[in-house]
Amino acid sequence: MGKAHRRWLKAVKKWQTNCWLLDWTFSIETSRDKISDSQGSGGYDVAGKAEYTPGYHLATVTGWEEAIEDATDEKVNEIACHETCHVVQGRLDVFVGQLIQSLPASARQLADSQWDEVKESTISHWTRILTRMDRRGR
Ligand SMILES: [Zn+2]
């Protein structure tokens, strides 16, 4: 297990606890390959991704090794918080994804990209709130 993996594991475990997700099964992984876009429910970012099945309380949270290796502790903490917030919001994401699928094909692409933007800006806002509270609590 490399250093990047250990840092990622520690940071995600912390946010799994902070976000009250201990009744979920988390697979915490790192990837040598850059995180790429994919279909399905999840949040895909430059440095990490979160995939989830809220009905079964299952999540896979993956960090991109190169981004984690070069990052400060504070940045790793922030990336882990961001991806874990995606899991918190997973139920909503699955629901909206189903609504989008029920739209006429011509409307899906726009709805998808708009939802992505709304989702990411909400998650980033929560990440700012939570990491700030975390720093203050130390
Ligand atoms: Zn994201």
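1. Terms and pattern. Helices (H or I, at least four residues) and strands (E, at least two) are DSSP runs, numbered from the N terminus. Read along its sequence, this protein follows the pattern α-β-β-β-β-α-α-α-α. In total there are five helices and four strands.

2. What kind of model this is. The model is predicted: local features need pLDDT of at least 70, side-chain atom pairs count only at pLDDT 80 or more, and totals for chains, interfaces and linings use all residues. Residues are numbered from 1 along each chain as its sequence is written.

3. Overall size. Along its principal axes, the C-alpha trace spans about 45 × 30 × 25 Å.

4. Burial and contacts. A residue is buried if 20 or more other C-beta atoms lie within 10 Å of its own, exposed if 12 or fewer, and partly exposed in between; C-beta atoms are placed from the backbone. Buried residues make up 30% of the 138 residues. Two residues are in contact if their C-beta atoms, placed from the backbone, lie within 7 Å. Take the contacts between residues at least 6 apart in sequence: 65% of them join residues at least 24 apart.

5. The core. A nonpolar core is a set of buried Ala, Val, Leu, Ile, Met, Phe, Trp, Tyr and Cys residues joined through C-beta atoms within 7 Å. The largest one here has 23 residues. Trp 8, Val 12 and Ala 80 have the most contacts inside it. Two or more residues each come from helix H1 (3-18), strand S3 (48-53), strand S4 (58-64), helix H2 (65-70), helix H3 (73-88) and helix H5 (105-137). H3 gives the largest share, seven residues. In soluble globular proteins, nonpolar side chains tend to be buried together.

6. A look at Val 12. Is Val 12 buried or exposed? Val 12 is buried, because 28 other C-beta atoms lie within 10 Å. This residue is found in helix H1. Leave aside its neighbours within four places in sequence, and Val 12 is in contact with Phe 26, Ile 28, Val 61, Ala 80 and Thr 84. Val 12 and Val 76 are 64 residues apart in sequence, but 9.1 Å apart in space, C-alpha to C-alpha.

7. H1 against H3. Axes are lines fitted to C-alpha atoms, for helices over the stretch in contact, and angles run from 0 to 180 degrees between N-to-C directions. The H1 and H3 axes come within 9 Å and cross at roughly 50°. That makes H1 oblique to H3. Angles under 35 degrees count as roughly parallel, over 145 as roughly antiparallel, 65 to 115 as roughly perpendicular and the rest as oblique. The crossing is right-handed; a crossing is left-handed if the near helix is turned anticlockwise from the far one by less than a right angle, and right-handed if clockwise. Arg 7, Trp 8, Ala 11, Val 12, Trp 15 and Gln 16 of H1 meet Val 76, Asn 77, Ala 80, Cys 81 and Thr 84 of H3.

8. H3 against H5. These axes come within 9 Å and cross at roughly 125°. H3 is therefore oblique to H5. The crossing is right-handed. On the H3 side, the residues that meet H5 include Cys 81, His 82, Cys 85 and His 86. On the H5 side, they include Ile 123, Trp 126 and Leu 130.

9. H4 against H5. How do the axes of helix H4 (residues 90-101) and H5 cross? They come within 10 Å and cross at roughly 165°. H4 is therefore roughly antiparallel to H5. Asp 93, Val 96 and Ile 100 of H4 make the contact with Arg 108, Ala 111, Asp 112, Trp 115 and Lys 119 of H5. This crossing is right-handed.

10. Two residues to check. Trp 20 has a phi near 55°, a positive value in a residue other than glycine. Trp 20 sits in the loop between H1 and strand S1 (25-31). With 9 C-beta neighbours inside 10 Å, Trp 20 counts as exposed. His 57 has a positive phi of about 55°, although His 57 is not a glycine. The loop between S3 and S4 holds His 57. His 57 is partly exposed, with 14 other C-beta atoms within 10 Å.
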